[in-house]
Amino acid sequence: MLKKILLSLFLLYTIVGFFLIPYLLKPEIIKNANNYLNATLSVEKVSFNPFLLKLSLYNLKVQKEKDQLLSLKELRCDLEPHQLFTQTIYLKELLLLGLDLHILKDKKGRFNFETLLKPQPDTPKEEQTQQPLDLTKLPHIHLAKVGIDESNIVIDDHSKKTPFHFVLKDFRVLLQAFDTTKLTNSDANIHLFTNLEDGGLIDIKTALTKIAPNPADGIETQTKLKVEIKRLYNEWQYLRDALKLEVADGALQLYSSIKLNTDDINATEISNTSLALQRVRIKPKTQNKDILTLKSVQLLAPHMQPLQNNINIASITVDNLFVKASRLKDGNIDWQNFLASTTPKEQHKQKLKTQPIKSKPLHFLLDNFVLKNSRIIFKDKKVSPNVDIALDNIKLDAQHITLTPHEQLHYKLAMKINKTANFKADGALSITPLTQKGTLKLQHLALRFLNPYIAQSSYLKLQDGYLNFSTKEEFSQNKTTLYKANGSVSLDELFVNDTRDNKSLLSLSHFKLKDFTLDSTTNALTINNAVLDSFYVDALVTKNKEFNLAQLTKPTQSTKEKQQTQTKTKQAQKPFAFLLKKLTIKDGSAKFADLSLPIPFKTDIHDLNGALYTLTNKKGRKTAMKLNGEIDRYGSTKIDLKTDASNPKKYTKVSMNFSNLAMNSLSGYSATFAGHKIDDGKLYLNLNYNLHNSKIKGDNSIIIKKIKIGEELKDENTTSLPLGFIVALLEDKDGIIDIDMPVEGDVDAPDFKYGSFVFKTFFNLLLKAVVSPFSFLGSVMGIDADELKNVTFEAGSSVILPPQKEKLDQLTKMLIKRPKIALSVTAGYNTQLDKVALQKQKLLKEAAPFTKEKKPLENENELTNTMLEKIYLKYAKKAQLKQLKKSTKKENYQEKLLNATTQLLPVTHKELLSLSTKRSQAIFEYLSKKGITKQRVKLLTPKESDQEESKVPTTLELVVP
């Protein structure tokens with residue numbers, strides 16, 4: 001009977017368990033779910049095994065209107081029945097199997113699950129009060145396996161401009177081996193795993209090593225993280241609308257261990273981290289060309305405590321990095337635009353009130369950073385033509401990169417610049433405070449790429465040229481910025497042209513600062529030695545009188561703006577000290593042409609050698625320079641300079657010597673300032689100037705040999721001078737012109753210009769030769785020649801008196817020393833003086849017949865009244881003589897008779913001309929006796945003199961025969 005009862009109960013249990021419970025449970029589950037959901041739940045099948053206590057729900061679906069939110073192949077709950085006898089709830093499995101979950105965010109930013117649950121009535125506050133959870137007071141619970149498995153999650157985000165779609169395949173998250181009796185030494189773990197669409201995966205294994213009775217009081221975990229992304233493009237799509245960049249390719253692997261204690265979150269430790277990126281390609285979304293590619297990045301970090309600001313990275317290795325960047329026409333770098341967020345900024349953001357967090361100082365250490373086989377291409381589109389700068393074969397090794405104060409990192413950097421230049425840097429750097437010490441070396445940097453920048457402000461073009469430097473430098477920035485560098489810098493094979501005609505302006509073979517020191521502590525630059533080798537300068541004055549070297553800049557700022565800028569700069573800077581101890585000049589050359597002259601002038605200075613010593617702006621130091629070179633084919637020059645470079649006006653002494661210069665090359669200047677060409681001749685200049693406190697004194701020696709004057713040029717832009725006459729005045733019997741030309745002036749005078757200052761002195765000298773040749777020639781020869789302009793004679797006489805002979809003797813010296821000049825003699829006569837004198841001479845002759853000797857009397861005292869009356873009556877009537885006697889007192893009669901008789905004697909104009917001719921002939925004969933040939937004395941037509949003097953002058957002039 002008992003057996004029948006037990007069998008009946010067994011059958012009843014079986015029927016109820018297998019059939020009745022699933023039948024009753026299915027509608028109840030649906031009913032209760034629908035009470036809580038704003039969606040419809042459907043369950044295809046419910047099964048229950050009463051013997052194994054295993055419950056399964058199959059093919060669950062949650063659908064809202066026409067959209068299916070999720071589906072579940074099986075919900076399985078499996079209890080271990082026999083464990084109930086040990087008072088243990090042993091849950092073998094509580095699994096959601098085959099979950100297909102669709103998470104959707106619509107265009108308005110709302111999730112499809114936001115309104116899945118119906119609102120529930122508020123729970124009274126007294127019912128909300130809960131006691132803290134204590135797992136130790138619960139029955140013994142063992143969770144063998146709880147979670148989601150064999151599932152797929154589809155994520156769609158339509159709130160973005162470009163809809164995002166992502167799928168997590170084979171998704172599982174499982175809690176395993178959780179036991180409420182093993183909280184302090186737990187074997188529980190959580191395993192999250194999913195495959196990604198691109199073949200990658202996420203694998204997170206977390207061991208729950210220690211759980212507090214109330215989990216809120218702390219859980220200790222150890223997590224092993226494994227992330228493998230085969231194609232970063234898929235994940236990047238979620239961010240693509242926020243940035244203007246697109247990850248076109250790339251893979252990521254991340255492996256790490258994380259130790260976490262929720263009770264002490266700051267003690268979180270991350271260890272054995274390995275991060276790798278491969279095959280990364282990044283391009284702008286609007287372009288098809290990559291702007292960044294990367295073969296690989298490998299990061300290894302043995303131990304980090306990020307929440308304690310303790311970051312320790314063993315190494316970062318970057319291999320085959322390629323970056324392409326551009327400066328746009330607006331001056332911005334294109335990467336600035338690419339990285340700028342395209343997401344509209346939220347307006348009227350609510351400010352969150354946060355408490356300041358007191359954190360530890362960041363301790364960051366990167367033991368080793370390596371960048372190798374890398375390249376950077378930079379294009380500057382702001383200038384035209386665009387400039388391309390390529391940095392190739394970049395290799396950077398840096399060790400001990402840290403933010404710890406006073407600790408240094410060591411680095412080595414090497415790269416190629418624009419395929420030709422090699423750059424190396426080696427040194428040590430401290431970030432806090434910022435200090436640096438190292439070496440820099442650049443070899444053979446071609447400078448042509450600078451042309452578009454130079455063209456912005458000048459008409460210069462670098463045809464070629466290379467920059468080299470090798471320096472040791474130090475830098476520190478604490479309260480003040482300190483910098484020091486010493487080494488050498490050189491420019492090689494530099495060729496500079498004018499872009500307007502592509503003609504060469506400047507070139508040099510080699511310019512090197514051999515040993516320089518730049519020190520910001522003393523604000524000084526010291527150059528011990530410099531060499532300028534084989535330089536060339538082409539200077540030109542155009543037809544419009546513009547100097548080519550002064551017309552090379554393009555107008556960019558107004559003069560006023562520049563002055564304001566310079567003033568501000570000067571106010572901001574401390575005085576800068578400069579010292580160049582020695583500059584050696586080798587094989588220099590220059591060409592100068594002046595096309596503004598009627599006859600273009602050209603000269604070639606070459607083989608210029610010498611040295612400059614102690615060029616400095618320090619007060620009181622003397623600068624010296626000695627140069628020598630050759631001019632054109634046979635000329636030479638020597639320059640000797642001493643000056644106070646800090647204040648040249650205070651002290652400057654310069655000597656410039658030019659020898660054997662071809663005069664025909666100066667025809668352009670002679671044509672302009674004198675109206676003549678020069679066919680031949682040699683010029684020697686010895687120019688000496690002393691400048692003291694702005695007062696300049698010069699002692700100039702000008703020697704011209706064998707000059708030949710060419711044809712005269714007539715032009716409205718030229719000044720005509722009797723150059724042949726001037727040469728004849730100046731040139732001695734050996735064909736040498738020797739002029740001493742002292743100059744004086746004040747360089748502070750508003751109109752002072754050295755060139756015009758010297759030229760004006762020389763021009764005035766020539767003008768004096770033209771206007772006052774005797775004075776000029778006398779000053780040249782050391783003779784007081786102010787009175788050589790004439791020879792004076794007694795009235796009625798042609799006899800040269802001794803004082804006049806002295807004049808002629810001095811004049812003879814001039815003519816002998818100046819064989820190219822001649823003397824013109826213009827005899828003079830004074831009608832009044834000479835007539836009276838000739839009448840007196842005739843009177844003495846008229847008295848001869850009335851003397852015993854029948855000879856002319858020698859003087860008037862020998863004349864008697866009888867003689868005078870007889871002579872008077874030869875030219876006048878007796879009545880006139882009677883009237884003279886009657887009207888004159890007896891004591892005055894002889895004197896009055898003498899004057900009246902003299903006046904009666906006739907003197908013709910022919911007699912006056914004859915007298916003047918005798919005078920010029922007397923001068924001619926006197927000079928002939930002194931050795932002056934007749935060809936050099938020209939007797940001109942006599943002229944009447946109107947001078948009211950006691951003596952009659954004969955005018956002398958210097959002329960060119």
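T603 sits in strand β24 (residues 601–616); helices (H or I, at least four residues) and strands (E, at least two) are DSSP runs, numbered from the N terminus. This is a predicted model, in which local features need pLDDT of at least 70 and side-chain atom pairs count only at pLDDT 80 or more, while totals for chains, interfaces and linings use all residues. Residues are numbered from 1 along each chain as its sequence is written, and side-chain values use heavy atoms, with hydrogens and water left out.

With a relative accessibility of 14%, T603 counts as buried. Buried here means under 20% relative accessible area, with exposed over 50% and partly exposed in between (1.4 Å probe, protein chains only). The side chain of T603 reaches that of D632 in a polar contact of 3.2 Å. Such a contact is a pair of N or O atoms within 3.5 Å; within protein, one must be able to donate a hydrogen and the other to accept it, and residues adjacent in sequence count only if both atoms are side-chain atoms. Setting aside neighbours within four places in sequence, T603 is in contact with A590, K591, F592, I631 and D632, contact being heavy atoms within 4.5 Å.

Another threonine, T206, belongs to strand β8 (residues 201–211). T206 is buried, at a relative accessible area of 13%, and its side chain makes a polar contact of 2.9 Å with the side chain of T223. Not counting residues up to four places away in sequence, T206 touches A188, N189 and I190, along with T221, Q222 and T223.

V654 lies in strand β27 (residues 651–662) and is buried, with a relative accessible area of 14%. Y689 is 35 residues from V654 in sequence, yet the C-alpha atoms of the two are 5.4 Å apart. Apart from neighbours within four places in sequence, the contacts of V654 are D640, L641, L687, N688 and Y689.

On to the strand pairings. Strands of a sheet pair through backbone hydrogen bonds, either parallel or antiparallel. Strand β4 (residues 88–105) runs parallel to strand β5 (residues 140–157), and 14 bridges join them; two strands pair if DSSP finds at least two bridges between them. In this pairing L104 stands opposite D156 of β5. β5 is also joined to strand β6 (residues 164–179), this time antiparallel and by twelve bridges. G147 has L174 in β6 as its bridge partner. β5 and β6 make a hairpin, with six residues between them.

Axes are lines fitted to C-alpha atoms, for helices over the stretch in contact, and angles run from 0 to 180 degrees between N-to-C directions. Within the sheet, strand β32 (residues 822–829) and strand β34 (residues 951–959) pair in the antiparallel sense over five bridges, and T826 has T955 in β34 as its bridge partner.

In helix α13 (residues 865–875), the buried residues include M867, L868, E869, I871 and Y872. Against which helices do the buried residues of α13 pack? They pack against α12 (831–846), α14 (878–886) and α15 (893–904). The axes of α14 and α15 come within 10 Å and cross at roughly 145 degrees. The crossing of α14 and α15 is right-handed; a crossing is left-handed if the near helix is turned anticlockwise from the far one by less than a right angle, and right-handed if clockwise. L881, L884 and K885 of α14 meet Y893, K896, L897 and A900 of α15.

For the protein chain overall, the secondary structure comes to 16 helices and 34 strands. Of its 961 residues, 38% count as buried. Among contacts with a separation of 6 or more, 60% come from residues 24 or more positions apart.
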